[in-house]
Amino acid sequence: MMPLEVTEIAAIVSLQICDICPSFTRVNRLLPDNRTIEMTWVENDDDHFGFDMDRFWPTDCTLSPHEKLALYWKYTRSTGCNHFSAILAKVLKGLCDNGELLVHNGMPVVDIFALNSMEFDVSDILSSSDQLLKIHDPISDVTVPCISTHQQMEKLLNMGEKACHRLGLELPEKVSKEWNMMKKYVPDSYKTTVPHWWLAVVVEGQDTSHSEKQHTMVHLDVCGAAYDESALSKVPGNDSLVSLKVFSTPEYELRPHMAPGLSHKLVMLPTLRPSTDRQRGIISHQPKSLRYFRCYHAKRPSPEISPAAIEVTPLQTFLKRNEFDDAKNVIIDELVETLQQPLSLKNLRVGTKVLTRNTHSHIISYASIQTRTMIVEVIVRRDKRCTLSFQYT
């Protein structure tokens, strides 16, 4: 059995999310600044669509293909990060449960966590006219940033469901207690940070001279392109660029969360997980330029206020708290089956026709081998492994 590269799986899942959670809105008009859009809803539920630039943008849109793609991901991944991360988590768990070996650069994945930051800093985006996507409501003449800061979510909630609907957005969940606490104690964070979720997989390290291997955390954010236009990854066997931010850090020390109601979580400390007593307590800050770890650089107005930190939820707990309906479970289970690898292309008989596609008929690529015995539908990845259903002809 060939191992599965976890970043490739994440790219495929990021594309599939567009079908699992299809869009019911599209751009009705692009305003002259090329960074403000007006949205409209599809006429009926059956008109929803997945990853389709032609349907998302109006026919008279003058943006370049790259600009269309960048703004598409900014809009579609600006909300729902916990839900989308749970889809990736469920796929990874399903593959592991079915005996597949997940790896990164050939080294095995030994653990999977869901990470979240309640103070994910986006102040630089909010202050940049080039990076910020905005949505305009022509009825009320209100323009809002397409970025879910705590302040923005409370504003949308106060605007009401009809106004949110005209903006192509869903009404946010009310979390008044958290907002009031932030406004009182960390007002800057209330205005310039978002709650954000992503996954991290722990990858076994190379053998070292120490008594324990040094592990690495590989972070996978399927909503990364909402905050970073360069956070795009190619889908294996396809030229499509999907939202996926991938970066690596050392494995950090985790401690139980002591806050009320958060006993199911851990807290990530800015200290390395020690592989030897000599390394215990060593602080290893990531640079402030890395948005995900920027919360550790945030200053508090008073020493009595707990410092910001990344929270960590074990995989099983995260999935229990983010369950899917039956229809989505069926689609995700089918995707897991599609990503399995019972057969290598080199073992297919001469004459096999191979149509590579995903579960929902989005063409990834087409490969043809001279054959006469089988018609095979597969996903083919760069390592030449595939999953297939076939019929003899």
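Me: What is the handedness of the crossing of α1 and α11?

Reply: The crossing of α1 and α11 is right-handed, meaning the near helix is turned clockwise from the far one by less than a right angle. This is a predicted model, where local features need pLDDT of at least 70, side-chain atom pairs count only at pLDDT 80 or more, and totals for chains, interfaces and linings use all residues. Residues are numbered from 1 along each chain as its sequence is written, and side-chain values use heavy atoms, without hydrogens and water.

Me: At what angle do the axes of α1 and α11 cross?

Reply: Two packed helices are described by the angle and the distance between their axes. Here the axes of α1 (residues 6-20) and α11 (residues 326-339) cross at roughly 150° and come within 12 Å. Therefore α1 is roughly antiparallel to α11 (an angle over 145 degrees).

Me: Which residues make the contact?

Reply: Contact means heavy atoms within 4.5 Å. From α1 come Ile9, Ile12, Val13, Gln16 and Ile20, and from α11 Lys328, Ile331, Ile332, Leu335 and Leu339. These residues divide into 8 nonpolar, 1 polar and 1 charged.

Me: What is the phi of Asn34, and where does Asn34 lie?

Reply: Most residues other than glycine have a negative phi. Asn34 has a positive phi, near 65°, and sits in the loop between β2 (25-30) and β3 (36-41). Its relative accessible area is 27%, so Asn34 is partly exposed (between 20% and 50%, with a 1.4 Å probe and protein chains only).

Me: Is Asn105 buried or exposed?

Reply: Asn105 is exposed, at 65% relative accessibility (the cut-off is over 50%, and buried is under 20%). Asn105 lies in the loop between β4 (102-104) and β5 (107-121), with a positive phi of about 50°.

How values were computed
Axes are lines fitted to C-alpha atoms, for helices over the stretch in contact, and angles run from 0 to 180 degrees between N-to-C directions. Helices (H or I, at least four residues) and strands (E, at least two) are DSSP runs, numbered from the N terminus. Angles under 35 degrees count as roughly parallel, over 145 as roughly antiparallel, 65 to 115 as roughly perpendicular and the rest as oblique. Ala, Val, Leu, Ile, Met, Phe, Trp, Tyr, Cys and Pro count as nonpolar, Asp, Glu, Lys and Arg as charged, and the others, Gly among them, as polar.
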